[in-house]
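Visitor: I would like to learn how to read a few local features of a protein model. Please take them one at a time.

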Amino acid sequence: MGSAPEQEHPNKAFGWAARDSSGVLSPFNFSRRATGATDVTFKVLYCGICHTDLHMIKNEWKNAKYPLVPGHEIVGEVIEVGSKVEKFKVGDKVGVGYMVGSCRSCDNCANNLENYCPKMLSSCNSIYYDGTITYGGYSNFMVVDEHFVIHIPDDLPLDASAPLLCAGITVYSPLRYYGLDKPGMHVGVVGLGGLGHVAVKFAKAMGVKVTVISTSPNKKNEAVERLGADSFLVSRNPDEMEAAMGTMDGIIDTVSAHHPVLPLIGLLKTNGKLVLVGASEKLEIPDFPLVIGRKLVGGSMIGGIKETQEMIDFAGKHKVTADIEVIDIESVNTAMERLEKSDVRYRFVIDVAKTMKPSTS
């Protein structure tokens with residue numbers, strides 16, 4: 001290490017990076033490694049904006065490595081493959097999510113759970129095996145080991161499928177793992193944001209009855225009429241909550257802000273499961289309601305590579321995509337400000353190929 005970013009590797013690259021905790025993104029010249037024997041190099045076409053990107057660029061998790069190029073909902077077209085690559089060829093449409101590396105030898109990796117590997121490397125802000133920082137998808141191209149690359153089905157639009165590589169797998173994985181994917185089951189989805197709206201779509205595609213649980217009554221028409229939820233529950237309405245007590249097999253809680261979980265536990269049937277994916281920092285979980293109903297509170301974080309491919313193939317078969325607002329890279333800072341205010345329906349996606357131009361600085 002010690003070299004300037006644009007001199008670390010042989011291939012010149014460009015993107016947009018944050019330089020400090022202000023989180024302001026601006027053009028950034030850097031470099032990427034040459035295509036290795038097992039690497040796939042692809043031109044980035046679109047990259048989704050996740051709330052995690054906002055946390056990272058503002059150093060809210062206290063681990064930012066600046067300059068920081070965010071982006072882990074990345075789709076593009078293969079332009080070069082290494083000599084030992086078997087699953088991809090030039091011209092393939094591909095995606096990369098949150099991971100670009102793992103130890104490949106621990107129990108988690110052996111069981112296709114690379115996302116829980118203690119040595120998992122993220123698409124940005126990690127230290128790669130060669131000692132350099134990983135730079136994410138707000139950039140013109142990526143070089144990624146083929147194991148961590150996903151085939152994008154031909155029948156999925158690339159822009160609206162990009163968020164599935166994070167938001168999509170984050171809700172798909174717990175629906176599958178916790179057995180909340182059986183036709184006829186009743187599942188609640190807390191929050192109708194970037195994660196929640198995709199959870200509704202996946203659960204409905206699985207044949208599940210879905211109730212959206214929200215603090216905002218004005219989201220009812222959106223949830224039921226446009227996204228296809230079966231019912232809508234205002235969590236601040238005690239009468240509605242009381243009427244729904246003990247009716248749900250499971251709940252996917254996508255809310256990252258502090259909120260009470262006791263009322264949600266009350267909505268569960270005996271043996272019901274409340275699954276947290278929003279990563280709220282402070283949740284108070286009472287034990288007595290769990291004990292008397294044999295209920296479970298669990299968590300889930302993205303999914304392994306095998307399951308991510310399964311998810312995207314399922315999405316292709318059932319035409320599940322994210323609802324997006326496509327932006328140009330010049331609007332990315334405004335988009336971050338709007339994201340912080342939850343002013344997006346439901347995911348920003350950067351048109352990287354058409355709007356990101358090389359920096360001359």
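Guide: We start with burial: buried means under 20% relative accessible area, exposed over 50%, and partly exposed in between, with a 1.4 Å probe and protein chains only. C124 is buried, with a relative accessible area of 2%. This is a predicted model, in which local features need pLDDT of at least 70 and side-chain atom pairs count only at pLDDT 80 or more, while totals for chains, interfaces and linings use all residues. Residues are numbered from 1 along each chain as its sequence is written, and side-chain values use heavy atoms, with hydrogens and water left out.

Visitor: How many disulfides does a search of the whole structure find?

Guide: A disulfide is a covalent bond between the sulfur atoms of two cysteines. The working rule is a pair of cysteine sulfur atoms within 2.5 Å. The search of the whole structure finds zero disulfides. C124 is in no disulfide, and the nearest cysteine sulfur, that of C47, is 8.8 Å away. C166 is in no disulfide either; its nearest cysteine sulfur belongs to C50, 3.9 Å away. C166 counts as buried, at 7% relative accessibility.

Visitor: Is the peptide bond from Y66 to P67 cis or trans?

Guide: The bond from Y66 to P67 is cis, with omega near -5°. P67 is placed in the loop between α1 (51–57) and β4 (74–81). Another cis peptide bond runs from R345 to Y346, with omega near -10°. Y346 lies in the loop between α11 (332–340) and β17 (347–351).

Visitor: What is Y346 in contact with, leaving aside its neighbours within four places in sequence?

Guide: Contact means heavy atoms within 4.5 Å. With those neighbours left aside, Y346 is in contact with L192, G193, G194, H197, E222, R226, L227, D323 and I324. Y346 counts as buried, at 8% relative accessibility.

Visitor: How many cavities of 30 Å³ or more are counted?

Guide: Rolling a probe the size of a water molecule over the atoms shows where empty space is left. On a 1 Å grid over the protein atoms alone, a cavity is a set of points where a 1.4 Å probe fits but cannot get out, and a pocket is an open set with protein on both sides within 12 Å along at least five of seven lines; lining residues have an atom within 4 Å of a point. Grid points are joined across faces, edges and corners, and a volume is the space filled by probe spheres set on the points. The count is two cavities of 30 Å³ or more. The largest cavity has a volume of about 210 Å³. Of the 17 residues that line the largest cavity, R32, R33, I133, T134 and Y135 are the closest to its centre. β8 supplies the largest share of this lining, four residues.

Visitor: What lines the second largest cavity?

Guide: The second largest cavity, with a volume of about 80 Å³, has a lining that includes G97, Y98, M99 and F148. For classes, Ala, Val, Leu, Ile, Met, Phe, Trp, Tyr, Cys and Pro count as nonpolar, Asp, Glu, Lys and Arg as charged, and the others, Gly among them, as polar. The lining of the second largest cavity has eight nonpolar, three polar and no charged residues. For the largest cavity, the lining divides into seven nonpolar, five polar and five charged residues.

Technical notes. Helix = DSSP H or I, 4+ residues; strand = E, 2+ residues; numbered from the N terminus.
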